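Here is a short briefing on charged side-chain pairs. Look at the model first, then read the points below.

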Amino acid sequence: MGKTLPQGVWSPVELMVENTARQPLRLQLHDLHPADFAVQGLPRRLRLGSMEGARLRYRLRPHARGDFPMAGCDLLVHSPLGLWHQRRTLTLPARLRVFPNFSEISHYTLLAANDQLAQFGVRRLQRRGTGAEFHQLREYRRGDSLRQVDWKATSRMRKLISREYQDERDQRLLFLLDCGRRMRHVDAGRGHLDEALNALLLLAYVAVRQGDAVGLMTYGGPRRWFAPRKEPGTVNRLLESIYDIQPSLEASDPLMAAQQLLQAVPRRALVVVITNSRGEDQVGLEQAASLLRRRHLVVIADLRESALDESLDAPIETLQTALRFHTVNDWLAQRRRDQERLQHLGVQVLDVLPSQLPIALVNRYFAIKRAGSL
């Protein structure tokens, strides 16, 4: 059997113990959970009468996503007079699957479903251009432009009638997710790849609700391909396909990934590249962006370590802190110049901390939809 737990969250685990012997039993029990998971409530001491059972509950906090074995239980059985004890292992093979923190994601998605994402900084922008689909006719409201007025309906109804538009549907959103060595960085106890997956799932949920198809391709590590789809179960299937991805030690090749994506998705789409780049990655990233830009609308979300911002905010009291401040400032200035070159290629760039990524992606998605850029 298997159990699913969210990453980084205390979750209850229940054990059922039964004494099938005719004599009372005293024992100490420890569940053979993954060794590096945090645990509360183990080991447990029990005294069970003949044919008596008990339910034990303890808590686990998984530190990482993926599949983990649960081999069974370790028992230390005491003799009736307490003169000896015997160690036994009960083999109860099970698989523990650790998913991204879906309770946190579901909080965002619930807000999205209720159109309350603005509470977390998600903004709905005024529509520009004519790239949206006609939705319905309604009475004129103050602030409507004259271009929205339907003059035929106005003359027929003898009052001002406006056309209302909705975001275009049946479009495609493709994630190009870097799983290479740069994504192994950890900020505030959370890996960059973990934060990227949470943001990706949130935007996937929002896009499917907007009627768009969502797909994914990984590079720089485990290779995964999730063909674009938009049915209601898309986010769950996407979660099943990526929950166990771990960052590798490989150097990512964004150009090769872009070439593969172009072959897999010939139709125009919004391509969101999530990565953590350095100066030495810039040439490959520019080549990939230039290639993708020929057919797709490209957004590059480039993650930035929070330690850089903290270094700039720290007080300058010694020569060492002054040198560190200027080194970090120069490095960030070069990073901004690299991102400006990407923007000159026609690519949109997000320079964000990992914790800022979910809201930044959703905001940019809504801005693109409202502008009719896709």
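Buried means under 20% relative accessible area, exposed means over 50%, and partly exposed lies in between. By that cut-off Glu195, at 8% relative accessibility, counts as buried. The model is predicted. It holds 20 salt bridges.

**Arg182 and its partners**
- Arg182 forms a salt bridge with Glu280, with the closest N and O atoms 2.9 Å apart.
- This pair links distant parts of the chain, 98 residues apart. Arg182 sits in the loop between strand 11 (172–178) and strand 12 (186–187), and Glu280 in the loop between strand 16 (270–275) and helix 6 (282–293).
- Asp281 also forms a salt bridge with Arg182, and here the closest N and O atoms are 3.1 Å apart.
- Asp281 lies in the loop between strand 16 and helix 6, and Arg182 in the loop between strand 11 and strand 12, so this pair ties together parts that are 99 residues apart in sequence.

**Accessibility around Arg182**
- Arg182 is buried, with a relative accessible area of 15%.
- Glu280 is exposed, at 59% relative accessibility.
- Asp281 is partly exposed, at 22%.

**Arg190 and Glu195**
- Arg190 forms a salt bridge with Glu195, the closest N and O atoms lying 3.4 Å apart.
- Arg190 counts as partly exposed, at 28% relative accessibility.

**A salt-bridge network**
- Salt bridges link Asp302, Arg304, Asp309, Arg335 and Asp351 in a network.

Methods:
Residues are numbered from 1 along each chain as its sequence is written. This is a predicted model: local features need pLDDT of at least 70, side-chain atom pairs count only at pLDDT 80 or more; totals for chains, interfaces and linings use all residues. Side-chain values use heavy atoms; hydrogens and water are left out. A salt bridge is a side-chain nitrogen of Lys or Arg within 4 Å of a carboxyl oxygen of Asp or Glu. Helices (H or I, at least four residues) and strands (E, at least two) are DSSP runs, numbered from the N terminus. Buried means under 20% relative accessible area, exposed over 50%, partly exposed in between (1.4 Å probe, protein chains only).
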